[in-house]
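Visitor: I have a structure open and would like to go through it piece by piece. Can you put it up?
Guide: Here it is.

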Amino acid sequence: EYITRPGQDLVLVGSTSELGMWQPQDGVAMRWTPGHLWRVTVSLPVCTANVHFKFVMKQDGNVMWEPGSNHAVDIAASPDARKEWWGCGC
């Protein structure tokens, strides 16, 4: 859940090529759903280990990185769908 205003978008950015290699312009755009829930589906190879990522808010060419530590997941150990929250990095 992240409350945005019109013109603001969330992007998932991280340590793999599928997540843009930490470049917000190459990250994966998320889609807003009712209740200010942002969703994204990303396919990563099952053997991928230690993926780190953050949420980034984009508006008018500017970016605001999620504060705090990176989120981290080991896809090889836990390949199922995940729910993550802005500001709750591991």
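Visitor: How many aromatic pairs does the structure hold?
Guide: This is a predicted model, and the structure holds two aromatic pairs.

Visitor: What about Trp-22 and Trp-65, how do the rings sit?
Guide: The ring centres of Trp-22 and Trp-65 are 6.3 Å apart and the planes stand at 40 degrees, so the pair is tilted. An angle under 30 degrees would count as stacked and one over 60 as edge-to-face.

Visitor: Where are Trp-22 and Trp-65 in the chain?
Guide: Trp-22 is in the loop between S1 and S2, and Trp-65 is in strand S6, residues 62–65.

Visitor: Is Trp-65 buried, exposed or partly exposed, and which is Trp-22?
Guide: Trp-65 is partly exposed, with a relative accessible area of 32%. Trp-22 also counts as partly exposed, at 28% relative accessibility.

Visitor: And the other pair, which residues form it?
Guide: Phe-53 and Phe-55 form an edge-to-face pair, 6.3 Å centre to centre, with 80 degrees between the planes. Phe-53 counts as buried at 7% relative accessibility, and Phe-55 counts as buried at 8%.

Visitor: What about the phi of His-36?
Guide: His-36 is not a glycine, but its phi is positive, about 60 degrees. The loop between strand S3 (31–33) and strand S4 (37–39) holds His-36, which counts as partly exposed at 26% relative accessibility.

Visitor: New topic. How many helices and strands are there?
Guide: The protein has zero helices and seven strands. Along the sequence the pattern reads β-β-β-β-β-β-β.

Visitor: What does S1 pair with?
Guide: S1 is joined to strand S5 (residues 51–59) by six bridges, and the two strands run antiparallel. Two bridges join S1 to S2, which are antiparallel as well.

Visitor: Give me a bridge partner for Asp-9. Which residue stands opposite Val-11?
Guide: Asp-9 has Lys-58 in S5 as its bridge partner. Val-11 stands opposite Ala-29 in S2.

Visitor: How many of the residues of S1 are buried?
Guide: Five of the six residues of S1 are buried, so the strand is largely enclosed by the rest of the structure. For the protein, 32% of its 90 residues count as buried.

Visitor: How many residues are in the largest nonpolar core?
Guide: The largest nonpolar core has 13 residues. Leu-10, Leu-12, Leu-19, Met-30, Val-51 and Phe-53 have the most contacts inside it. The elements giving two or more residues to this core are S1 and S5, and S5 gives the most, with four residues.

Visitor: How about contacts across the protein, what share join residues at least 24 apart?
Guide: Among contacts between residues at least 6 apart in sequence, 49% join residues at least 24 apart.

Visitor: One more region. Where is His-71, and is it buried or exposed?
Guide: His-71 lies in strand S7 and counts as buried, at 0% relative accessibility. The side chain of His-71 makes a polar contact with the side chain of Glu-66, at 2.8 Å.

Visitor: And Gly-68, buried or exposed?
Guide: Gly-68 is exposed, with a relative accessible area of 61%. Gly-68 is placed in the loop between S6 and strand S7 (71–73). From Gly-68 to Lys-54 is 9.2 Å, C-alpha to C-alpha, with the two residues 14 apart in sequence.

Definitions and conventions:
Residues numbered from 1 in each chain as written. Predicted model: local features only at pLDDT ≥ 70, side-chain atom pairs only at ≥ 80, totals over all residues. Heavy atoms only, no water. Buried < 20%, exposed > 50% of the residue type's maximum accessible area, 1.4 Å probe, protein only. Pairing = 2+ DSSP bridges. Contact = heavy atoms within 4.5 Å. Core = buried A, V, L, I, M, F, W, Y, C linked by side-chain atoms within 4.5 Å. Phe/Tyr/Trp six-rings, centres within 6.5 Å; stacked < 30°, edge-to-face > 60°. Polar contact = N/O pair within 3.5 Å; in protein donor to acceptor, adjacent residues only side chain to side chain.
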